[in-house]
Amino acid sequence: MILEITSGEQEVLPGPRLFNMAKIKLKIDDREIEAEAGTTVLEAAKAVGIEIPHYCYHPGLSIDGNCRMCLVEIEKIPKPVISCHTRVAEGMVVKTQTENVKKMRNSVMEFLLINHPLDCPTCDQAGECRLQDYYMQYDRIASRFAEEKVHKNKMVDLGAGVMLDQERCIACSRCVRFCNEVSKTGELVLANRGDHVTITTFPGKKLSNPYAGNVVDICPVGALTSNEFRFKKRVWFLSKTESVCTGCSRGCAIEIHFEASKVYRLIPRFNPQVNSYWMCDEGRHGFHFVNENRILKPTKNGVEISASMAISYLAGEIKNLSPASLGIVAHATLSNEVLSILKELGTSLGTQVFFSRNEPHNPLSDHFLMTKDKNPNQMGINHMGFKPLSELTQGQSLIVINGLSKKDGELVTQKKAKVIALFSANESELSKNCSLVFPIPTFAEQNGHFTNGDGLVQAFKAAFKPRGESKEIGVYLHMLLAQLEDKKPRVAFGI
């Protein structure tokens with residue numbers, strides 16, 4: 001397995017402000033702590049497990065300081081200060097839980113909720129909304145506002161699959177700063193003043209950048225929602241698993257949110273080496289193959305059969321072939337573990353191993369996250385010595401894992417090669433025309449590692465059990481080697 005990280009020039013991703021300076025000693029709520037010079041009070045408190053509530057602050061964005069929720073008291077400073085902007089100083093004494101601080105938080109919450117609609121029963125953000133959480137922690141009083149609330153537009157299509165509810169917006173400006181600083185496209189602005197302020201786009205423009213979905217992630221309330229996830233599932237029903245995006249060779253760290261073996265959304269997971277706090281929309285929406293068009297049972301000529309019977313048929317085919325006439329074709333979407341097993345199988349059978357890949361050209365590639373290589377594990381497959389399918393000889397019989405790209409499919413036809421078995425998670429033209437088809441799990445249903453384009457090996461975890469009768473490649477190959485052991489020595493594959 002490849003464990004090194006290769007160097008390469010790429011844009012530094014926005015992230016927490018890091019400082020290589022001397023340590024400063026201070027007190028927060030009577031706890032003596034150390035923090036690096038330049039660190040904000042909010043960041044220093046968070047590092048030692050002291051929560052200071054906030055809305056507008058985000059570690060991957062510039063500091064705006066407009067929500068005033070993070071106000072704290074500091075000795076020798078006569079007025080409360082915002083902790084998201086105030087830097088630590090030697091001997092500083094910070095108080096985050098005084099009666100005055102609690103009263104300020106209560107007042108800020110009351111101010112923010114004056115015109116906020118009572119949408120919680122229908123809001124997608126319910127269950128992960130900071131207005132709900134902070135109300136329960138710092139407010140919990142009945143509204144004193146007897147006048148008519150200010151009404152705004154409820155369903156505004158900003159573009160890029162993002163829906164805005166203007167009444168829920170608290171004008172934290174996170175989304176505006178994201179478009180200015182991260183995507184650098186600047187579509188969003190704050191318009192109007194006072195209680196009529198709202199997020200909007202410039203006249204005649206839409207939110208259209210390829211990272212637009214991140215504004216939904218960073219919205220602390222339910223103002224910005226995703227059309228794809230909107231009204232699909234309450235968040236408290238969803239489970240979460242750490243994984244890696246398979247959309248390109250960047251390998252962004254993600255979380256899979258799912259219920260009952262169905263994926264409902266992917267969101268970015270912080271990784272300072274790869275994607276910071278962000279991910280592209282193409283990767284974010286590229287999970288539907290986990291839910292749709294799945295192969296769930298082994299088939300022979302379109303008829304469902306048991307896995308053991310299908311393996312027997314495959315073993316019979318292999319016994320009638322010479323090693324030189326058989327080839328194993330892996331796909332660059334497979335994990336390092338599966339690739340290693342296939343390489344061992346090729347060695348055991350004395351046959352060649354090839355690879356197929358998605359076309360390595362992405363018209364949306366940029367200097368931020370999206371790479372030209374659309375394969376999540378091309379680096380891993382290269383390091384393991386798989387040959388490109390262009391080296392295929394005329395008339396070979398092939399065992400194909402995870403399908404063929406369009407270009408490689410045409411090559412197989414030109415070479416008059418025959419696919420005798422397909423191991424795949426999803427239906428395709430190849431699965432419809434192949435005599436033996438075996439269902440395998442997607443990346444969401446197994447553990448493994450990918451090696452991204454910079455040589456970094458990253459783990460992904462199974463979110464749920466394989467669907468239908470899908471089995472991991474190692475299981476099938478154990479069964480196959482048991483059938484072939486009278487011809488070839490048995491290999492103990494790692495599963």
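Q: In this predicted model, at about what angle does helix H2 run to strand E3?
A: Helix H2 covers residues 99-113. It lies across strand E3 (71-74) and strand E5. Relative to E3, helix H2 runs at about 160°.

Q: In what order do the 5 strands of the open sheet stand?
A: The pairing in this sheet is mixed. Strand E2 (31-36) and strand E4 (81-82) each have a single partner strand, so they stand at the edges, and one side of each is left without a neighbour in the sheet. The order is E2-E1-E5-E3-E4.

Q: Which residue in E5 is the bridge partner of Lys 27?
A: Strand E1 takes in residues 23-28, and strand E5 residues 93-95. The two run parallel and are joined by 2 bridges. In E5, the partner of Lys 27 is Val 93.

Q: How many of the 8 residues of helix H4 are buried?
A: Helix H4 spans residues 174-181. Its buried residues are Arg 174, Cys 175, Val 176, Arg 177, Phe 178 and Cys 179.

Q: Which helices and strands do the buried residues of H4 pack against?
A: Phe 178 is one of these buried residues. Their partners include two helices, H3 (130-138) and H5 (214-218). The strands they pack against are E8 (188-191), E9 (198-201) and E10 (224-226).

Q: Is Ser 173 buried or exposed?
A: Ser 173 sits in the loop between strand E7 (162-164) and H4. Its phi is positive, about 70°, although Ser 173 is not a glycine. Most residues other than glycine have a negative phi. The relative accessibility of Ser 173 is 5%, under the 20% cut-off, so Ser 173 counts as buried.

Q: Is Lys 416 buried or exposed?
A: Lys 416 lies in the loop between helix H11 (406-414) and strand E20 (418-424). Lys 416 also has a positive phi, near 55°. Its relative accessibility is 66%, over the 50% cut-off, so Lys 416 counts as exposed.

Q: What percentage of the 495 residues in the chain is buried?
A: The chain holds 13 helices and 23 strands. It exposes about 23,200 Å², with carbon and sulfur atoms supplying 53% of that area. Buried residues make up 52%.

Q: How far apart are the mean positions of the positive and negative charges of the chain?
A: The C-alpha atoms fill a box of roughly 90 × 50 × 40 Å along the principal axes. The chain carries 59 positive and 55 negative charges. Their mean positions are apart by 1 Å.

Methods
Residues numbered from 1 in each chain as written. Predicted model: local features only at pLDDT ≥ 70, side-chain atom pairs only at ≥ 80, totals over all residues. Heavy atoms only, no water. Pairing = 2+ DSSP bridges. Helix = DSSP H or I, 4+ residues; strand = E, 2+ residues; numbered from the N terminus. Contact = heavy atoms within 4.5 Å. Axes fitted to C-alpha atoms, helices over the stretch in contact; angles between N-to-C directions. Buried < 20%, exposed > 50% of the residue type's maximum accessible area, 1.4 Å probe, protein only. Areas by Shrake-Rupley, 256 points an atom, 1.4 Å probe, with all protein chains shown as cover. Lys, Arg positive; Asp, Glu negative; His and termini not counted. Charge placed at Lys NZ, Arg CZ, Asp CG, Glu CD.
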